[in-house]
Structure formats: C-alpha cells, structure tokens
Amino acid sequence: MSRLKEATAEHHRKAEKRNLQRELAKGTLALDVFVAYLGELLHLHRSLETSLTQSAAEHPAIASVFRPHCSREADLLTDLAFHDAPRRPANVMTQKLVADFEAWARHTPLSLLGALYVLEGSGNGNRLIARVLSRNWSLQDGLGLRYMDPYGDEQPKLWSQFREDMNTAQISSSDVDNILAAAQRTFDGIAGISDVVYQAQG
Ligand code: HEM
C-alpha cells in the first residue's frame with residue numbers, strides 16, 4: 001500500500017485539480033453535473049465489480065481484498081434514483097476505462113485491485129466532501145449522497161482493513177507492478193472522465 005500511495009501521488013494531485021473535482025470539494029458544483037458524474041461512476045463500478053466477482057473464484061488474493069462491502073453499484077443506483085437521473089450511456093472516456101478493466105480481467109486479473117484501490121481510497125476524501133455537499137444542497141440524512149459516504153463512521157476502520165488485506169494478500173512482484181500501473185491508469189481515466197462530464201454539462 002505504501003508503494004501504491006507513492007506511485008500514484010502525482011496522479012492523485014492531477015485528478016484533484018480537475019474543475020469538476022475542485023468544485024465538488026468546495027461544494028460549488030452544479031447538482032446536475034454531480035449527477036452526470038455519478039452516472040459515469042455507475043458504468044465503472046458495474047464493470048469493475050462484475051470482473052472482480054468473476055475473478056475472485058480463481059484468485060484468492062482478489063477474494064481476500066474484494067469484500068462484499070466494497071461494491072458501490074447499489075449505492076449509485078439509490079443516489080441516481082433519488083436525483084431522478086435519466087439513464088445515460090457511458091461517455092467516451094468511461095468506455096475506454098471500462099475497456100481497460102475488461103482487458104485486465106482477461107489477461108492480468110490482479111490489475112483490477114489497482115482500480116479497486118483508487119475507488120475504495122477515494123472514500124477518504126469523499127467522506128469529507130459529502131458533509132459540504134449535504135449542507136450546500138440541503139440534503140438530509142445522506143439522501144442522494146450514499147456513494148460519497150457509504151460507510152459513515154466506519155470509514156477509517158474499513159480503510160485500515162482494506163490496507164491490511166492488500167498488504168497481506170499473496171501477490172507476485174509482476175502483479176504488484178501490474179497493480180501500480182492499473183492504479184495510475186485508473187486515476188488518469190477518472191480525471192479524463194471528470195473533464196468530459198464537466199465540459200458536457202458546463
Ligand atoms: C478534490 C478532490 C479530492 C480531495 C479533496 C481528496 C482528498 C483526499 C484525502 C484527504 C485523502 C486522505 C489522505 C491521507 O489521509 O493520507 C485522500 C486519499 C485518497 N484519495 Fe483523494 N481526494 C480527492 C479526489 C480523489 C479522486 C478523484 C480519487 C480517485 C478517483 C481519489 C482517490 C484517493 C485515494 C486512492 C486515496 C488513498 C491514498 C492512500 O492513502 O493510499 N481522491 N484523498
């Protein structure tokens with residue numbers, strides 16, 4: 001996990017600087033842009049979670065890290081229904097990242113853990129951002145923000161568990177390299193998705 005943090009630090013910084021992410025963190029993002037972003041994340045999580053579930057049967061390292069609470073599809077569907085979001089096809093950047101997830105699932109399944117690290121780790125910042133959003137958008141009881149804060153007060157404990165699961169999983173050094181590259185690609189992909197959503201809605 002320390003290698004992942006180090007290898008992706010610059011990618012995290014770049015992702016954080018996208019207009020969509022900056023305005024999200026400040027709580028000034030337009031609600032319809034946020035909802036469009038959640039729609040893209042639904043495509044990403046669906047693909048990733050399907051591949052992780054299928055790969056877990058053959059790869060004990062995946063089974064030991066991808067615990068049931070790590071799935072976000074149901075939270076996204078709940079939030080999208082709350083916001084009355086129309087179903088939208090994935091944008092071109094999301095399609096590209098989904099294509100990479102599918103290729104990893106076929107050729108280097110452990111790479112999927114790099115994508116899971118990025119999305120699960122994003123909960124560290126999202127939890128703080130959810131507080132700002134619920135205040136600015138007057139959303140009560142976390143309604144419409146389940147994706148942003150799925151674990152509530154359990155988040156630090158579950159993040160520690162994720163870290164421990166990753167650190168203790170039996171992973172070959174070539175798969176460690178694959179995971180690092182996949183995490184970098186996932187950060188960059190989400191940065192690109194953020195830009196496309198922001199430009200399309202802005
Ligand atoms: C403005 C937007 C963002 C803010 C303010 C933010 C903030 C944070 C904060 C405060 C942490 C905890 C740092 C620590 O305790 O060491 C964190 C960690 C993390 N964030 Fe973000 N973040 C943002 C965007 C993103 C995005 C877009 C992603 C991924 C798509 C992401 C993925 C991660 C990951 C994977 C970690 C865990 C790093 C590690 O400890 O290994 N973040 N973020």
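## Alanine 63 and helix H4

Alanine 63 sits in helix H4, which covers residues 60-65. This is a predicted model. Alanine 63 is partly exposed, with 15 other C-beta atoms within 10 Å. Its C-alpha atom is separated by 9.9 Å from that of aspartate 165, a residue 102 positions away along the chain.

Histidine 59 is placed in the loop between H3 and H4. Histidine 59 is buried, as 21 other C-beta atoms lie within 10 Å. Setting aside neighbours within four places in sequence, histidine 59 is in contact with Pro109 and Leu110. Glycine 142 is 83 residues from histidine 59 in sequence, and the two C-alpha atoms are 35 Å apart in space.

## Overall fold

The protein has 10 helices and zero strands. From the N terminus on, the elements read α-α-α-α-α-α-α-α-α-α. The radius of gyration is 16 Å, close to the 17 Å that the globule rule gives for 202 residues, so the protein is as compact as a globular protein of that length. The C-alpha trace spans about 45 × 35 × 30 Å along its principal axes.

Buried residues account for 37% of the 202 residues. What share of the contacts with a separation of 6 or more joins residues 24 or more positions apart? The share is 83%.

## The nonpolar core

In soluble globular proteins, nonpolar side chains tend to be buried together. Here the largest nonpolar core holds 44 residues. Leu38, Ile62, Leu112, Leu113 and Leu116 touch the most other members. Helix H3, residues 31-56, supplies the largest share of this core, with 10 residues.

Take leucine 116 from that group. Which residues does leucine 116 contact, leaving aside its neighbours within four places in sequence? They are Leu48, Leu52, Val65, Phe66 and Cys70.

Aspartate 84 lies in the loop between H5 and helix H6, which covers 92-107. With 7 C-beta neighbours inside 10 Å, aspartate 84 counts as exposed.

Most residues other than glycine have a negative phi. Aspartate 84 is not a glycine, yet its phi is positive, at about 55°. Serine 138 is not a glycine either, and its phi is positive at about 50°.

Where is serine 138 placed? It is in the loop between H8 and helix H9, the latter covering 155-168. Is serine 138 buried or exposed? Serine 138 is exposed, with 7 other C-beta atoms within 10 Å.

## Around the ligand

How many residues surround the ligand? There are 17, and the closest are Lys5, Ala25, Gly121, Ser122 and Gly125. The elements that give two or more residues to this shell are helix H1 (2-16), helix H2 (19-26), helix H7 (112-121), helix H8 (123-136) and helix H10 (173-201). H1 gives the most, with five residues.

## Asparagine 126 in helix H8

Helix H8 is one of the elements that give two or more residues to the ligand shell. Asparagine 126 is found in helix H8. With 19 C-beta neighbours inside 10 Å, asparagine 126 counts as partly exposed. The cut-off for a buried residue is 20 or more.

Not counting residues up to four places away in sequence, asparagine 126 touches Met148 and Asp149. Histidine 69 is 57 residues from asparagine 126 in sequence, and the pair is 16 Å apart in space, C-alpha to C-alpha.

Methods: Residues numbered from 1 in each chain as written. Predicted model: local features only at pLDDT ≥ 70, side-chain atom pairs only at ≥ 80, totals over all residues. Helix = DSSP H or I, 4+ residues; strand = E, 2+ residues; numbered from the N terminus. Rg over C-alpha atoms; globule rule 2.2 N^0.38 Å. Buried ≥ 20, exposed ≤ 12 C-beta atoms within 10 Å, placed from the backbone. Contact = placed C-beta atoms within 7 Å. Near = placed C-beta within 6 Å. Core = buried A, V, L, I, M, F, W, Y, C linked by C-beta atoms within 7 Å.
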